[in-house]
Amino acid sequence: MQLGAVPESALRAQFRAAGVRLLLAGLCINLRIDVPVVIEQILQLYGGYPIEPGPGTDDVRVHLKYASPLRRFIGRRTLVFADGAALYRPMPLRHAYLMIDSALDQCVSANVANLVLHAAVVERGGLAAILPAPSGSGKSTICAGLVTRGWRLLSDELAVLRAADGRLQPFPLPITLKNESIALIRQLVPDAYISPVFTGTIRGDMAFLRPPADSIARSAETAEPALIVSPTYQAGAPVTLRPLRKSETFRLLAASGINYYATQRFGFDTVAGLVDSCPAWRLSYGTLEQAVDAIEALLARVRMDPTTSRPAITNA
Amino acid sequence: MSFVVDQDIDSRTWRLLEPAGLAWRCWDDEYIVFHPWSGMTHYLDAIAGTVFELLLDHAATVHGLAAALANQADTPATDSLNAVVQQVLRRFDEIGLAEPIP
Amino acid sequence: MDTPGSPPAPPVRTAAPAVRGAALLVRSMRDPASITRLDAEALNDVLPAAYRNRLLARLEHDLADLGILQGLPEAARRQLASARIRAHVNAVTWRFEIDRVRRALAGLGIRIALLKGTAYLRAGLPPARGRFSVDVDILVPAADIGRVEWTLINGGWLPAKMNAYDQHYYRDWMHQIPPLTHGERGTELDVHHTIFPPVSGIRIDSETLLADATPVGDGLWVLSPSDMVLHAATHLFQEDPAGRLRDLLDLHDLLTLFGQQPGFWEGLTERAGRLGLGRPLYYGLRYAADLTGTAIPAAVLARTQAAFAPDAVRLRVMDWLVRNAIVAGTSGQGGSGAVARFLLFVRSHWIKMPLGVLLRHAVVKSCHRMRERNAARER
C-alpha cells in the first residue's frame, strides 16, 4: 500500500504516535516524527512509497524529535535516533529533514548481509549502471539527469548488492540536489516536484527531487549490474571517457564500499564478480548534458551476451 | 658485477600463514588477495604477486624465490632481486600473509 | 514553522519502551527461548535493547543453538543475521590482532596473559560467543613493563597523545601504561602490570597471577579459572558497572563452566581471601545468582557471605544500586537508574583512589574538559 493512500490527518497522527512503517530496500523502517514541519515534507516527497499498514516487527526504528522539551520553543533543535541511539549532533529545525535522509541511508548500510557501495544506480532496458563516486562528484545530479530521460532510479546514493543473488536492490529515496544543480534540474523538468531549498547547510543549498512514480512503484524489482562509470566533474573541460583496467576497477569499488570489510569474503567475491562482468570507465565531464549523453551512449553499446549471460560491450 | 653480502639476506624458509580460504585474482599483473585469517584485502604488485603464487605452491627461501622469479623472467638472479624479494617477505610478515618457519 | 492551529503532540513516550526493553532483555538473556513467545511490539522493544547493549549476536548464537530462529518474524531474523556477521568479523579482527601482539612480543621470553574479551576469544570460552571486542588487554610482569612498551612501540604501536597529568594517572594510579594504538591497523592495545591499581592499596602483583596462569598455546596464557572469575567480578563492581549486563553474563558463563570442575569453589574462595578480593567476589556471586540465575551451591553463597559480605544495611544499599544500575544502564534512561549509576561510578573511583586524590583528580579533569570545550568553541 502507498503512503499517500492513507488520509493525511491519520498519517500525521501516526507519525507522531506509533510511527509509519516504510518498506525500503527490503527492510521495514519505522519512521516516527515529532516535528510537524518535517511531517509535511515527508507527505510531499514520500506519497508514492510503499508502507506496511499494520503493526509488526521492524528492522529499525527511526525517531526524529526535538532535542529537549525546551528546544521545541527556544533555539529549536532536533535529534534523530535509530533504535534509541542518537545518530548526529542536534541540528536546527530548518534542517531537520536532512537528518531523516541521512538516517535512512544509515539504516540500509547497517545491514551487513548485503554489500553497500557509495554509488548511484540507474537502470534502463534491464541493464543497470553503477556510478561510484564520492560526495561532490555530481553523481546525484547525473542521476537526476538520467532519470529525467526516462531511466529508472534505483538510488542516488547507495548501491546495495544483495547477499542472496548479487543483484542490485533498489533504494529510490528522493534525489539530493545541491547548489547550481537545483536550478539546472528545475529547468530540465519544470513539472517535477522539487522540495523547498534548505539553505546554509554544510554543503550549501540542498533540495530533493521526487523520483518518478514508476521508479518508486518498482522499488522491489532488483536489477542486473551491467556497467560501471565513475564520474568526475571538471568545469569547462571537454568530456573524456577512459576505460578502467580491472585492477583499477576493483580498487574503485572496494574504496567506495561502505561495509566492504564487514562483508569479508562475500564483499571480495561480489566486487571481483562486478569487475569481471561489467565494463568500467572513468568519465570526466564539464556539463550535465555531456555526462548524461556519454552514459546513454555507453549503455547503448552494452548487450547481454546470450552465451555467457554477462554484459558485453560492443563497438559503437 | 656487485657483491652479494650473504649475511644481509635472510636464509630462513618462508611459508604462507593460514592459507585456508585464501581468495585472489590477477588482473593486469596486479594481484588482489583476500586473506580470511586477517580479514584483509591486499593489493600486490607483479613481483609480490608472483612471490605469493610461488609460496602457494610450497614454502621457500629468499634465494629460492628470487631464482624462480629470475627463471620466469628469463633473466639472471641478481642481489638486488634478492633484496627486493626479502623486502616483499618482510612486508608479508608485517601484514600476516607469510612467516619464517621457526 | 509549526502552524498555529495544529493540535499539541501527544506526550513523547521514549522512556517506557526503553525500560520495557531492558527488563525483557534481562529475561531473554537468561532464557533465550522466551523470545519466541514475544509479540511484535515486545520484539520491537527487546531487539534494539539487545543491539544497544551489544548482546544481539550472543542472542542470535543462543537462538541458533536452540534451533528456534526460523520461527521468528523476518525483520527479527534479518537483524539477528546481520549481528551474527558483525560478531564474526569482530572475532576475525581480534584473533588476528592477538596474533600480531604475540608475534611482536615473542622474542622477549616473558609470560604474557590475555585478559577479558580477548582471553575468552583465544581460549574458546563461552563468553566469547557473539562478542564484540574493542581492544586487546594483556598482563605482563611488572618488572618487564618497560621492555614490553619499548618493543611494542618499535613494532608499530603508537603511544596515546596525552598530557603529563594523564600519563601520571595511567602509570602511577591505574594499572596500565597509557593505551597503545597500532599505527597501521588503528587497533587499541592495553598493557597492564597488575589488575588492580596500586594507589587503592590492594596490591596484587602480576607475578602472582601469571604464576597460576593457564597456557593457551603459541606462548600465550590466560588467567587461571579462579583468577579469571575474580578479575571479571572485580572489573564489574570496581569500575563503572552501569550497563554492564554483558559483563555480568560473562561472569555467569565462567561460573557455570568452571563450577563443574572439582575443587573450583573451594579454590576460588580461598584465592579471593588471599588476594583480598573477597568483597567483590561476594557481590559477583550474589548478583550473578540474582540477575542471571547462575547456579551457585548454597553452601558457597553462605560461606562467602559469612566471610566477605558487608553489614546488612550496606548490602541493601548495594542491592538497590546494582539492580537499578544494571537494568537502567541497559535501558540508557535517566531517573533513579541515573542516580544509581552515578553513585556506583563515584564509589568505583573511590575504591581505586583515596578521597583526597579523587577530588584533585576530578578538579583537574573538569578544568581540562572546560579548556577543551573553550578551545573547540573558538575553532
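Residues count from 1 along each chain as its sequence is written, and chains are lettered from A, with ligands numbered from 1, in the order in which they are written. Since this is a prediction, local features need pLDDT of at least 70 and side-chain atom pairs count only at pLDDT 80 or more, while totals for chains, interfaces and linings use all residues.

Start with chain A. Its domain assignment gives domain 1 (3-110) and domain 2 (115-313), with bounds that come from an automatic or database assignment. The C-alpha centres of these two domains of chain A lie 26 Å apart. Where they touch, domain 1 of chain A puts in 17 residues and domain 2 of chain A puts in 21; contact here has two residues with C-beta atoms, placed from the backbone, within 7 Å. On the domain 1 side, α2 (36-45) and α3 (96-110) of chain A each supply at least two residues, and α3(A) gives the most, with six. Helices (H or I, at least four residues) and strands (E, at least two) are DSSP runs numbered from the N terminus. By class, that side of domain 1 of chain A splits into eight nonpolar, six polar and three charged residues. Nonpolar covers Ala, Val, Leu, Ile, Met, Phe, Trp, Tyr, Cys and Pro, charged covers Asp, Glu, Lys and Arg, and the others, Gly among them, are polar.

Chain A also meets chain C, with 21 residues from chain A and 26 from chain C. On the chain A side, α2, β4 (60-66) and α8 (260-277) of chain A give two or more residues each, and the residues there come out as nine nonpolar, five polar and seven charged. Chain C touches chain B as well, through six residues of chain C and four of chain B. The chain C side of that contact has three nonpolar, one polar and two charged residues.

Back in chain A, there is an open three-stranded sheet in the order β13-β15-β14, with antiparallel pairing; strands pair if DSSP finds at least two bridges between them. β13 (175-178) and β14 (198-201) of chain A sit at the edges with a single partner strand each, so one side of each has no neighbour in the sheet. The twist averages 35° from one strand to the next. β13(A) and β15 (204-209) of chain A pair over four bridges, and L177(A) has A207(A) in β15(A) as its bridge partner. Helix α4 (139-148) of chain A packs on this sheet, touching β13 and β15 of chain A, and its direction makes about 115° with that of β13(A). Axes are lines fitted to C-alpha atoms, for helices over the stretch in contact, and angles run from 0 to 180 degrees between N-to-C directions.

Now for a helix pair in chain C. The axes of α12 (278-291) and α13 (298-308) of chain C come within 9 Å and cross at roughly 140°, which makes α12(C) oblique to α13(C). Under 35 degrees counts as roughly parallel, over 145 as roughly antiparallel, 65 to 115 as roughly perpendicular and the rest as oblique. Residues in this contact include L281(C) and L285(C) of α12(C) and L301(C) and F308(C) of α13(C). By class, the contact has seven nonpolar, three polar and one charged residues.
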